[in-house]
Amino acid sequence: MTIEQLKAKFIEKYGEGEISGYFSPGRVNLIGEHTDYNGGFVFPCALSFGIYCLIRTTDRKTVRFASLDMSFETEVKLENLNIAIGKEWVNYPIGVFAQFMKKGLNFDKGADLLFYGDVPTGAGLSSSAALEVVTAVVINDIYGFGIDRVELAKMGQKAEHEFALVNCGIMDQFVSAMGKKDHAVFLNCDTLAYDLVPVKLDGVKIVISNTNSPHKLDSGKYNERVAECHAAVKAIQPFQQIYALGEISWDDFLKVEDKIENETVRGRARHVVSEIKRTEDAVKALRAGDLIQFGKLMNDSHDSLRDDYEVTGFELDTMVEEGRKIDGVIGTRMTGGGFGGCTVSLVKTEAIDTFIEQVGKNYVQKTGLKPLFYVAEIGDGGKKLF
Ligand code: GLA
């Protein structure tokens, strides 16, 4: 859909007049999975696809919400922009409006909003964070609140906690707000200090493989992992004073690992602490131009998510196993929350066609599902388009 087509759809729905347009991207995480809510490192990049939001302010005392992807539409009074509506998609943008209200900020005029997404939903590429961040950027701009980008990302995360009931970390909203074309964001999720690292992949591309098995990132499994990490911290505390798994080094962890009696909890902690180290090592490798080492760490990351964190599942594991059989695949792993969704692979340019054909064929054979492949382009974080 082009911008002109989007504008035409807006006019069809809301009539003629001035329109502004905004965009925020989905993301793919290169490495650093399930570390963000433990105060660890992540290394995601913003994608060139995401969520668009067109807006016009009005004299009415309401906000109208519509989407080209979802049939549900609604009109909400300004004073009710902090009340969830059933289980509808509008709870993501409403959840963001609510965060502004919580800060005591009031909306002095109404608005008409039209959303459109070209990021696959439920694929673990953060369509929900893109929706939250684009809403935060729009509101901040249109009502002139002057809140900084990092705070907007945090407000998106809060919306997810309170309106989608997923106790997510900050990674997705942060990269959707702060990403930069051709860069990955090396983020310390404890301090929110970050570096934009150029992703220069000579002769190699980032390929995203969508298992088309909807990632079941329901609050249940995800929140269970969050709770298990808290349990690990508790078990370690008598031996080392930490408040989050991100505070313990891999070497120190090895000294206290066997003090965590519950085997499942021990495995969860092992994944998190080792993944944080892998992420630091991977960024060093990328900076040094050592893609082979980067790819090896991606592979190790997947295996740890499969064996210790148990968030992969048959489809993701099959996609990864089939990918590893292809010559020219440097590294491949699941990306995002897991339980379905996508894998991310570094593939030599000349091997991409074979990769898509062979992995595609074998994946269909083994799972009965039809996968989708995207050669990723790294785009910018949320911005005004017009
Ligand atoms: C989801 C969450 C993120 C992060 C990833 C796993 O995408 O929204 O905060 O925890 O899972 O790395």
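Predicted model: local features only at pLDDT ≥ 70, side-chain atom pairs only at ≥ 80, totals over all residues.
Biologist: In which sense does β1 pair with β13, and over how many bridges?

Modeller: Strand β1 (residues 20-29) and β13 are antiparallel, with two bridges. Phe-23 has Lys-383 of β13 as its bridge partner, and Tyr-22 has Lys-384 of β13.

Biologist: How many bridges does β1 form with β3?

Modeller: Nine bridges link β1 to strand β3 (residues 44-58), again in the antiparallel sense. As an example, Leu-54 in β3 stands opposite Gly-21.

Biologist: How many residues of β1 are buried?

Modeller: Ten of the ten residues of β1 are buried, so the strand is largely enclosed by the rest of the structure.

Biologist: What is the strand order in the open sheet of three strands?

Modeller: That sheet has the order β2-β7-β8, with antiparallel pairing. Strands β2 (41-42) and β8 (194-198) are its edge strands, and each pairs on one side only. Strand β2 is joined to β7 (residues 183-188) by two bridges, and Val-42 has Leu-187 of β7 as its bridge partner. Helix α8 (residues 263-287) lies across β2, β7 and β8, at about 45° to β8.

Biologist: At what angle do α3 and α4 pack, and how far apart are their axes?

Modeller: Two packed helices are described by the angle between their axes and the distance between the axes. For α3 (residues 127-142) and α4 (residues 149-163), the angle is about 130° and the axes are 9 Å apart. The two helices are therefore oblique to each other. Their crossing is right-handed.

Biologist: Which residues make the contact between α3 and α4?

Modeller: Helix α3 contributes Ser-128, Glu-132, Ala-136, Val-137 and Asn-140. Helix α4 contributes Arg-149, Leu-152, Gly-156, Ala-159 and Glu-160. By class, the residues of this contact are four nonpolar, three polar and three charged.

Conventions: Residues numbered from 1 in each chain as written. Heavy atoms only, no water. Axes fitted to C-alpha atoms, helices over the stretch in contact; angles between N-to-C directions. Helix = DSSP H or I, 4+ residues; strand = E, 2+ residues; numbered from the N terminus. Parallel < 35°, antiparallel > 145°, perpendicular 65-115°, else oblique. Left-handed = near helix turned anticlockwise from the far one by under 90°. Contact = heavy atoms within 4.5 Å. Nonpolar A, V, L, I, M, F, W, Y, C, P; charged D, E, K, R; others polar. Pairing = 2+ DSSP bridges. Buried < 20%, exposed > 50% of the residue type's maximum accessible area, 1.4 Å probe, protein only.
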